[in-house]
Amino acid sequence: MRDQSTLKPASHAAQAIADLWWILFVVSVIVFFVVVALLLVGVLRRRGGGEPDRSTSRGATKFVAIAGVVVPAVVVISLFFASVATLPAVSPAGKNARMTIDVVGRQWFWDVYYRSRSIRTSNEIHIPVGVPVEIRVTSDDVIHSLWVPRLNRKIDVIPGQTSSVVFDANKAGVFRGQCAEFCGVEHGNMALLVIAEPQTRFDRWLTNEAKPAPASAGLSAFVGSGCSGCHAISGAPQQSRFGPDLSHFGLRQTIGAGTLTNTPEQLADWIRDPQRIKPGNKMPKLGLPEPEIQALVRYLESLQ
Amino acid sequence: MEAHVERLEKVWAEPAGIVSFLTSVDHKRIGIRYLFTAFAFFVAAGIEALVMRAQLARPREGLVSPETFDQLFSLHGTTMIFLFVTPMLSGFGNYLVPLMIGARDMAFPRLNALSYWIFLASGLFIYSSVPFGLAPNDGWFNYVPLSEKAFTPDKNIDFYALGLIFITISTTAGAANFIVTIFKLRAPGMSINRMPLFCWAVLATSFAVIFALPSLTVANTMLELERNWGFHFFQPAHGGDPLLWQHLFWIFGHPDVYIIFLPAIGIVSSVVPVFSRRSIVGYEWLALATVLTGIVGFGVWVHHMFATGLPQISMTFFSAASFMIVIPSGIQIFAWLATMLTGRPVLKTPFLYVLGFVVVFVIGGLTGVMFAAVPFDQQTTDSYFVVAHFHYVLFGGAVFPIFAGVHYWFPKMSGRMYHELAGQVSFWLVFVGFNLTFFPMHVSGLLGMPRRVYTYPSGLGWDAYNLLSTIGSGVLAAGILVIVLNVLWSLRRGAPALSDPWGGNTLEWSTSSPPPHFNFPVIPIVRSADPNWDLEDRRQDALRLERGELLLVDGHQTLATTVLEGEAEEELHMPSESIWPFVLALAFSVVFFGLLLHLYGVATLGCILVAGSIAGWHRPQRELQDQ
Ligand code: HEM
Ligand SMILES: [Cu+2]
């Protein structure tokens with residue numbers, strides 16, 4: 001269900017691409033079998049060798065001209081138009097996006113920012129079903145690529161440049177995506193989830209996200225353990241953007257950009273030694289005592 | 001007649017021993033060295049690939065660390081492209097071009113030796129990073145800003161950038177040498193429309209090299225300036241643009257695909273007529289298609305950048321150009337098919353590899369067409385679908401022909417036959433293993449698996465396809481092992497080969513196996529595109545040898561002819577053995593290691609040595625006249 005397959009489209013754009021794929025596929029299968037059939041006939045029909053035949057054959061040259069030039073030309077011109085016809089469906093232009101979300105690719109996680117509501121989160125994008133949402137991407141460090149195959153084509157995430165892709169889910173669901181441009185050691189663990197939900201649930205989520213975390217003993221532990229030197233939680237005194245935003249972390253489904261599932265045990269594992277789980281990532285092993293870890297886990301999971 | 005041959009022997013003989021190993025300029029020795037060295041790099045890159053496949057056999061496998069995995073795929077890709085396929089095909093070119101055109105050596109024999117030594121030195125330069133764990137680690141196209149100091153502070157990238165600049169010297173010199181050789185040293189009568197298609201392919205490739213490589217050198221030079229001297233070509237914060245690297249790289253990189261592929265199809269065009277027992281159908285079409293591919297190949301680089309967010313207009317243009325490049329390939333495929341259909345094929349190992357090539361290459365070509373469709377490209381680029389595609393094109397399009405060539409010319413090069421049954425077994429293992437390794441990658445790509453990931457979670461439907469792939473790579477490796485064993489065994493035990501075991505149509509088959517140092521006792525005169533099938537002409541050559549005409553026995557001599565018509569122009573005196581190419585390559589190595597280690601004194605010393613070696617090289621030499 002958290003499928004990442006290009007062949008299970010959940011939007012008009014992904015559907016258009018999948019349709020294009022099936023056209024390309026069928027044409028390719030036909031061409032392939034024609035060539036292989038000719039090849040088999042060619043080598044099996046009149047085997048035997050012998051003295052070389054040096055005649056030039058008009059018929060054979062004509063065959064090359066027709067099968068090698070005319071037919072391929074007709075085929076590729078048709079495919080070219082099929083491809084051009086699909087372009088509008090996958091391009092940001094022309095879509096009346098009703099909402100914009102900014103996504104920043106970082107080594108090796110995703111920052112997500114709902115500018116109009118000043119809401120920040122990480123590694124998860126919530127969108128309403130049936131509403132075209134413009135995802136504006138850029139990078140702070142190296143090139144990444146945002147790819148959620150069931151919703152749309154990928155778009156490279158390039159420092160110094162802002163690009164867009166539209167997510168317009170036509171059904172509710174959780175759609176997995178992953179960074180698709182090599183971006184360093186943990187490129188393989190740079191996933192994200194797009195959660196498409198009906199408008200009302202989405203609105204409820206937004207309202208909830210907008211609430212800051214209350215001051216509490218847990219928050220002071222979080223600050224006291226040095227976590228807030230890298231992580232922001234809305235309502236906390238310090239708002240560092242070095243690591244993923246952890247506001248409402250208890251509602252999130254994964255840890256470490258899709259590396260682990262968000263359960264208390266796995267969260268404790270992560271805080272104990274993130275380097276064992278995702279070697280090379282930018283959160284160091286902090287060597288905290290076990291009770292402190294458990295307190296942090298309880299606190300983070302309570303951030304609903 | 002005996003006397004003439006003896007004299008030629010004396011003039012062209014190279015003394016045995018280590019000194020001669022370092023000073024030889026015989027294009028056949030150099031060609032074989034190229035083949036062996038490139039194959040050694042193939043084995044290295046193959047082992048890297050097997051380790052990667054082992055790591056990817058299961059989800060969340062922990063065989064190698066992420067950093068090691070990155071080095072493995074970067075080194076694998078860089079090696080396969082720059083240190084295996086390109087030089088392997090140069091090896092065939094070196095060995096075969098002079099023989100096919102009836103010349104006694106390459107136009108610039110010493111430059112030829114230099115090309116080899118620099119290839120070897122730059123390969124060792126890049127691999128010297130491995131023991132230090134500092135192999136290139138940002139992929140074979142090494143995108144900025146990841147490859148800048150800020151993100152990859154160690155020397156991994158300097159090994160890559162300097163190593164590639166270094167090897168470019170070799171490839172460029174080789175290309176210039178091929179162009180002049182093919183234009184000027186063809187046997188009298190071999191007008192350009194009678195030239196073997198393999199030579200057409202090498203010619204087109206060499207022009208592509210000359211125009212494409214500067215872009216790579218420029219890109220890498222700029223990168224080194226950024227990394228070590230504080231320049232900012234690619235950094236947006238300083239007004240640079242990371243996409244500039246991508247443009248420069250792919251302006252080289254896409255033509256490079258054809259630089260790899262064209263000589264390989266030259267091999268195919270050599271094997272098809274001989275084993276179909278008929279002159280190739282559509283010679284002019286094939287020659288034209290070769291040249292067209294070389295040219296259109298320069299107009300499609302942006303299809304590697306469709307996902308970067310470029311304007312639609314420019315993408316549509318490059319999409320159209322990418323679709324168009326199908327046409328020359330179509331011509332080639334159907335000309336070969338027509339030759340087979342109207343011939344009487346003989347299914348020996350070289351021909352089996354060619355048939356395997358056609359099947360595999362058609363698949364790679366068809367997925368290539370898919371990538372010309374912008375939206376499909378944007379969906380599947382940088383996924384395993386691409387990995388499948390480019391292995392179908394590179395392995396299918398280049399390595400299958402290389403294996404065909406290895407078997408086809410083995411008798412010529414070694415004077416012995418390979419073992420036919422072992423050859424056929426190797427073919428089936430390679431063919432099945434190849435498809436089992438790479439076909440499933442199409443599926444995992446469509447299921448959303450990105451490339452260059454060191455691991456993946458289970459539950460996304462990728463596990464079975466990855467396991468199949470890994471099993472396939474084992475079968476493939478077994479097939480390659482059979483080839484290696486067959487070659488090693490046959491070198492010693494193979495049945496002695498005749499000068500023309502296949503009934504070949506080109507001139508290399510008109511001289512003994514292996515050919516004498518001087519290739520041909522008498523310069524052949526050519527009147528058709530299948531000269532070795534002109535029995536009367538070859539008899540005339542033998543008669544001229546007896547009469548002592550056109551022998552050119554006064555020193556290292558060969559005949560220069562006109563570019564288009566191939567009319568005899570003048571007798572050329574070729575340089576003989578020299579140590580300077582080797583010394584010059586060493587001097588260059590000093591420069592590059594100096595730059596790598598930031599020992600600028602050493603680099604300067606290296607430059608002085610380079611200048612000195614060039615001077616030594618050009619010191620006038622007493623003509624090697626009578627004895
Ligand atoms: C011997 C059998 C081979 C196997 C099992 C193999 C396997 C692989 C694997 C597993 C990857 C890494 C894919 C990824 O992580 O994205 C790869 C990448 C690559 N391979 Fe091969 N390969 C083989 C032969 C070749 C050959 C013959 C060539 C070229 C002539 C080649 C060229 C490349 C290139 C250019 C890359 C991309 C490297 C990069 O992403 O920077 N491979 N191969
Ligand atoms: Cu990334």
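Start where chain A meets chain B: 25 residue pairs, both at pLDDT 80 or more, are in polar contact there (a pair of N or O atoms within 3.5 Å; within protein, one must be able to donate a hydrogen and the other to accept it, and residues adjacent in sequence count only if both atoms are side-chain atoms). This is a predicted model, where local features need pLDDT of at least 70, side-chain atom pairs count only at 80 or more, and totals for chains, interfaces and linings use all residues. Residues are numbered from 1 along each chain as written, chains are lettered from A in the order written, and side-chain values use heavy atoms, without hydrogens or water.

Next, select helix 2 of chain A, which gives the most to the side touching chain B, with 18 residues (helices are DSSP runs of H or I, at least four residues, numbered from the N terminus).

Now show A:Asp53 and B:Arg278: their side chains meet in a salt bridge at 4.0 Å, N to O (a side-chain nitrogen of Lys or Arg within 4 Å of a carboxyl oxygen of Asp or Glu). The rule finds 3 salt bridges across this interface.

Over to the rings: there are 77 aromatic pairs over all chains (Phe, Tyr and Trp rings, the six-membered one for Trp, with centres within 6.5 Å; planes under 30 degrees apart are stacked, over 60 edge-to-face, the rest tilted). Pick B:Phe41 and B:Tyr127, a tilted pair at 5.6 Å centre to centre and 45° between the planes. B:Phe41 sits in helix 3 of chain B and B:Tyr127 in helix 5, so the pair ties together parts 86 residues apart in sequence. Both B:Phe41 and B:Tyr127 are buried (under 20% relative accessible area, 1.4 Å probe, protein chains only).

Last stop: B:Tyr116 and B:Trp117, an edge-to-face pair at 5.2 Å and 65°.

Conventions
Helices (H or I, at least four residues) and strands (E, at least two) are DSSP runs, numbered from the N terminus. Buried means under 20% relative accessible area, exposed over 50%, partly exposed in between (1.4 Å probe, protein chains only).
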